[in-house]
Amino acid sequence: MPTALVLLVALALLAGCASGTPTETGAGFVAGSGSVDLEPEDREPAPDVAGETLEGEPLALGDLDGIVVVNFWASWCGPCAAEAPDLVAVHERYADRGAQLLGVNVRDSETNARSFERDFGKPYPSLYDADQSIAAAFGGIGASALPTTIIVDADGRVAARLFGQVDETALSSRVEALLEETAADASGGGR
């Protein structure tokens, strides 16, 4: 493939991620923004997704204890790269406090995905979702836009969906609220 054509395809993919237009015909992934926070009584169980990490290890969402921040990303997505340092910071801040991060890499090559993780020093695992089955398992709450972040509470229910680039402040406030909710439930002082 000529270099100019490769560059043109790469620019089209990046523009699609950033502009809200489909990146490929029928792909279904578009950029978006916004968030939905769910009250405990309105939360539905997260799907029991599993796969292989980019390091080749089997991992299921159910293997992770506590609050889990699930981030759908791709190496070619500009907003995914922009939010990566904030996600790493949230992981470092909450890993010992009952909240974990799990990446889900979609529509990417394993080589590019591993390079992205290495470049951003991502210390948490990412599942490789080449066939988009993990994203599909989340149904209407899944990644219809990249990046998408879904926060699963300590009871395994979807507590929040954030479409578009997240930052450390917005993500931390939601994680803090869920940690407080979990502590209140554990002490018998639930809502």
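## A buried charged pair

Buried here means under 20% relative accessible area, exposed means over 50%, and partly exposed is anything in between (1.4 Å probe, protein chains only). R43 also counts as buried, at 9% relative accessibility.

Before going on, keep in mind that this is a predicted model, where local features need pLDDT of at least 70, side-chain atom pairs count only at pLDDT 80 or more, and totals for chains, interfaces and linings use all residues. Residues are numbered from 1 along each chain as its sequence is written, and side-chain values use heavy atoms, with hydrogens and water left out.

## Salt bridges

How many salt bridges does the structure hold? There are seven, each defined as a side-chain nitrogen of Lys or Arg within 4 Å of a carboxyl oxygen of Asp or Glu. One of them joins the side chains of R43 and D153, at 2.9 Å from N to O. R43 sits in the loop between strand 1 and strand 2 (50-52), while D153 sits in the loop between strand 7 and strand 8, so this pair ties together parts 110 residues apart in sequence. Helices (H or I, at least four residues) and strands (E, at least two) are DSSP runs, numbered from the N terminus.

Another bridge brings together the side chains of R97 and E176, at 3.0 Å from N to O. R97 is in the loop between helix 2 and strand 5 and E176 is in helix 5, so parts that are 79 residues apart in sequence get tied together. With 42% relative accessibility, R97 counts as partly exposed. Salt bridges that share partners also make one network out of R43, D153, D155, R157 and E181.

Then there's D37 and R174, whose closest N and O atoms are 2.8 Å apart in a salt bridge. D37 belongs to strand 1 and R174 to helix 5, which makes this a link between distant parts of the chain, 137 residues apart. R174 is buried, with a relative accessible area of 17%, whereas D37 counts as partly exposed at 46% relative accessibility.

## Helix 5

Helix 5 (residues 168-186) has 19 residues, which at 1.5 Å a residue should span 27 Å, and its end C-alpha atoms agree with that at 26 Å apart. The expected span is 1.5 Å times one less than the number of residues. At the start of helix 5, a side-chain oxygen of D167 comes to within 3.1 Å of the backbone nitrogen of T169. After the helix comes G188, with a positive phi near 85 degrees.

Which residues of helix 5 are buried? They are L171, S172, R174, V175, L178, L179 and E181. These pack against strand 1 (34-37), strand 4 (67-73), helix 2, strand 5 (99-106), strand 7 (148-152) and strand 8 (158-163).

E83 lies in helix 2 (residues 78-94). It is buried yet has no salt bridge: K122, the nearest side chain of opposite charge, is 7.2 Å away. For charges, Lys and Arg count as positive and Asp and Glu as negative, while His and the chain ends are not counted. Leaving aside neighbours within four places in sequence, E83 is in contact (heavy atoms within 4.5 Å) with N71, P147, G164, Q165 and V166.

E57 is found in the loop between strand 2 and strand 3. At 49% relative accessibility, E57 counts as partly exposed. Not counting residues up to four places away in sequence, E57 touches G51 and E52.

R107 has a positive phi, near 45 degrees, despite being a residue other than glycine. You'll find R107 in the loop between strand 5 and helix 3 (110-120), and it counts as buried at 13% relative accessibility.

Q132, also a residue other than glycine, has a positive phi near 65 degrees. Its place is in the loop between strand 6 (126-129) and helix 4 (133-137), and at 23% relative accessibility Q132 counts as partly exposed.

## Confidence

The chain averages a pLDDT of 83, and 79% of the residues score at least 70; pLDDT is the predictor's confidence in each residue, from 0 to 100. Where in the chain is confidence lowest, and where is it highest? The lowest is helix 1 (residues 3-19), at a mean of 37, and the highest is strand 3 (residues 58-60), at 98.

Over residues 1-16 the pLDDT is below 50, and this stretch has 12 contacts in the model beyond near neighbours in sequence. Residues 18-31 also stay under 50, and there the model has 35 contacts beyond four places in sequence.

How values were computed: A polar contact is a pair of N or O atoms within 3.5 Å; within protein, one must be able to donate a hydrogen and the other to accept it, and residues adjacent in sequence count only if both atoms are side-chain atoms.
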